[in-house]
Amino acid sequence: MLEIFGLLAQGFTVALQPFNLMLIIIGCAVGLFIGAMPGLGSVNGVAILLPLTFLVPPEGAIIFLAAIYYGAMYGGAVSSIMLGIPGASTAVATTFDGRPLAKQGMADKALTTAAMASFVGGTISVILFTFFAPPLAHVALTFGAPEEFALMMLAFATFVGLGGDDLAKTIFSICVGLVLAAVGLDIMSGAPRLVFGDITGFLHGINFLVLAIGIYGIGEMLWTVEENAKAGGKSMLSEAVLTWERTKTNLKEFLGTWKVAVMGSFLGYFVGILPAAGATPGALMAYGFGKQMSKTPEKFGKGAIEGVTAPEAANNAASTGSMLPMLTLGIPGSPTTAILLGGMVIWGLEPGPRLFTSNPDFVWGLIASLYAANLFAVILNILFIPAFIWVLKMPFTILAPLILTLCLVGGYAPTQDMHDVWLMLLFGIVGYLMRKLDYPVAPAVLAIVLGPLAEPALRQSLLISSGDPSIFFTRPYSGPIMVVALILLFLPALAPIYRRLRGGNSGKAPTGGTAE
Amino acid sequence: MTVRTAELLMGLALAVLSAYFMWKSAELPIGWVPDVGPGGGAWPFWLSAVMLGSCIWVLVNWVRRVGPVATNEDPLFEPGIFLPVFMVGAALTICIALIGGIGVGGFEGIGFYGALPLFLLFYLKVMGNHSWLTAIGLAVLIPVITFLFFEIMLKITLPKGMTEPLFLPIYAFFYGL
């Protein structure tokens with residue numbers, strides 16, 4: 001326990017260095033703006049801006065990106081409330097009550113509540129993170145190749161079992177990501193592999209950023225072009241009245257919802273740890289629970305401030321939760337953390353529990369920076385509400401070319417090869433079309449990051465056991481993990497059978513928030 | 001084209017892609033290699049096989065009309081939606097082709113700073129219908145900021161193609177060469 005405080009203090013000496021502090025503040029501000037733009041969330045921001053970090057030391061790079069991640073989670077609420085369009089899928093539940101509040105002329109109340117709830121969610125989850133991470137990393141230190149592979153199976157199995165998307169398409173998405181990651185040179189024999197059309201550009205493999213920026217940059221822009229064309233360019237921006245007096249009452253009213261905020265934070269954190277679950281379902285579940293906890297559930301959907309508090313606390317807590325498996329196990333808990341993990345590899349770090357001993361400055365600097373980022377994000381958020389509203393007034397036809405410019409640079413920078421820019425465009429267009437047909441894209445991004453780690457883990461395990469797959473089931477940690485993974489994998493197949501056995505009366509879904 | 005038709009075409013295209021991946025993976029050993037473990041092609045081969053399987057599953061669902069996409073007879077693009085999306089995609093494609101050329105006729109491209117202003121001008125003027133002042137202003141300003149930020153501050157060199165000689169005086173100014 002005391003040891004953790006010592007390490008955390010050491011982390012603060014890293015996070016509070018002037019340069020890193022500056023990165024935290026810039027990252028929070030950038031993240032807030034990215035989050036506030038409709039259609040862009042943390043994953044888009046982190047994917048498009050990761051190439052900027054190549055020249056900063058790894059501590060600075062991760063601190064910057066984590067601050068963007070945090071800022072974007074705060075900012076997502078802004079367009080949910082002001083436009084009624086979620087700034088990112090994670091802020092969907094915030095529209096349910098945030099939008100009605102804005103329509104009633106209380107946009108400022110919704111915005112302040114969202115910021116404060118995000119702060120509570122962020123703070124509680126970072127504290128949980130601080131105390132959960134070291135013991136988990138300690139256990140994970142004993143993990144060998146079979147355990148690593150079992151954990152990755154678990155990550156993919158959660159997408160199949162809990163993702164809620166079309167099963168065949170989810171499985172396709174996972175496998176295509178893994179196969180694309182296998183392009184290049186075979187890691188063991190060094191032989192060229194999957195060099196499509198004998199194009200030399202494939203020899204250096206497909207950088208995960210090419211896929212991530214393709215899907216979350218170009219694909220997302222095409223998607224937003226479509227959404228904008230549907231809306232016909234009409235602005236639905238609400239007006240917000242901001243005065244010091246109103247802010248004080250708003251803060252007081254927020255304090256009245258502290259129970260909901262704490263509930264949302266804990267719920268979000270634990271849901272966030274699971275890959276495939278993450279911030280969006282966490283926020284929706286918190287909304288549902290918040291409604292049950294409320295004395296006036298009938299107000300939900302019509303502008304209840306608890307309805308803003310619960311999802312906003314939960315989505316921020318979930319973003320911290322998703323960093324726990326990324327940092328301790330090397331398994332990302334969300335697409336955004338998958339990109340952070342890929343970044344770590346680029347910066348020359350080996351993700352996983354050994355980071356805690358080999359790079360304590362990196363790990364604890366990151367954890368300490370989360371405390372700082374949380375504080376700066378809430379301050380910047382409340383101070384700059386007028387600036388965010390101004391951003392929302394900026395025409396999309398100016399924002400889009402700016403973002404596309406960043407995508408072009410981001411696709412080129414990692415490998416300095418135009419081949420990858422073409423590939424990024426292809427992934428963007430195909431990814432956009434697949435998204436239109438309900439193919440989930442997040443599993444593919446997770447898979448292309450995990451692919452280069454999963455394949456050697458599998459091959460080493462099989463080499464240890466001379467080809468006997470039972471090695472995954474007979475070791476003390478990998479056994480149970482693998483069993484859970486298999487259960488999750490077959491959950492969608494088992495659920496209907498279970499329902500039939502129960503006599504078909506279990507059509508009721510568990511508590512989940514739905515739009516009213 | 002309806003969503004249902006698009007689902008069929010996408011399923012077929014991805015199935016062909018999966019089969020191609022399998023065939024390409026099989027260039028390396030896909031079975032057990034003594035003392036080496038699984039061959040270099042095994043991992044992508046079997047994953048591509050699962051991909052092919054899932055495509056067939058999608059196609060079976062299509063035939064049996066199972067799921068919201070396979071039964072959706074709405075047009076894939078509502079009227080007036082396809083054109084803007086297509087124009088953005090086409091503009092990007094042309095922009096990337098202009099940056100580095102496409103290896104035809106010895107054209108080595110007009111570089112990032114030649115193509116980007118044209119792309120921006122097209123987007124701002126044609127897609128955004130902004131005034132000439134805004135369009136030209138931003139089409140000049142954004143590349144200049146990109147240059148200062150990426151090339152000078154972050155030292156990320158972007159391709160210049162045939163415009164490379166034009167940058168020599170600028171480098172000389174910044175680096176005092």
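In this predicted model, the charged end of A:Arg435 is placed over the ring of A:Trp223, at 3.9 Å from the ring centre. A lysine is found in such a position too: A:Lys169 lies over the face of A:Tyr439, 4.9 Å from the centre of that ring.

Two of them are set out here.

| Pair | Centre to centre | Angle between planes |
|---|---|---|
| A:Tyr287 and A:Phe300 | 5.4 Å | 65° |
| B:Tyr113 and B:Phe147 | 5.5 Å | 75° |

Why is the pair of B:Tyr113 and B:Phe147 edge-to-face? Its planes stand at 75°, and planes over 60 degrees apart count as edge-to-face. The pair of A:Tyr287 and A:Phe300 is edge-to-face as well.

A:Tyr287 belongs to helix α12 (residues 279–293) of chain A, while A:Phe300 is in the loop between α12 and α13 (306–321), 13 residues apart. Both A:Tyr287 and A:Phe300 are buried.

In chain B, Tyr113 is part of helix α4 (residues 112–127) and Phe147 is part of helix α5 (residues 132–153), so their pair ties together parts 34 residues apart in sequence. B:Tyr113 is buried, with a relative accessible area of 13%; B:Phe147 is buried too, at 7%. These two residues belong to a cluster linked by ring pairs, together with B:Phe112, B:Phe167, B:Tyr171 and B:Tyr175.

As for confidence, chain A has an average pLDDT of 86, and 95% of its residues score at least 70. Over residues 505–516 of chain A, however, the pLDDT is below 50.

Methods. Residues numbered from 1 in each chain as written. Chains lettered and ligands numbered in written order. Predicted model: local features only at pLDDT ≥ 70, side-chain atom pairs only at ≥ 80, totals over all residues. Heavy atoms only, no water. pLDDT = per-residue confidence, 0-100. Contact = heavy atoms within 4.5 Å. Phe/Tyr/Trp six-rings, centres within 6.5 Å; stacked < 30°, edge-to-face > 60°. Helix = DSSP H or I, 4+ residues; strand = E, 2+ residues; numbered from the N terminus. Buried < 20%, exposed > 50% of the residue type's maximum accessible area, 1.4 Å probe, protein only. Lys NZ or Arg CZ within 6 Å of the ring centre and 35° of its normal.
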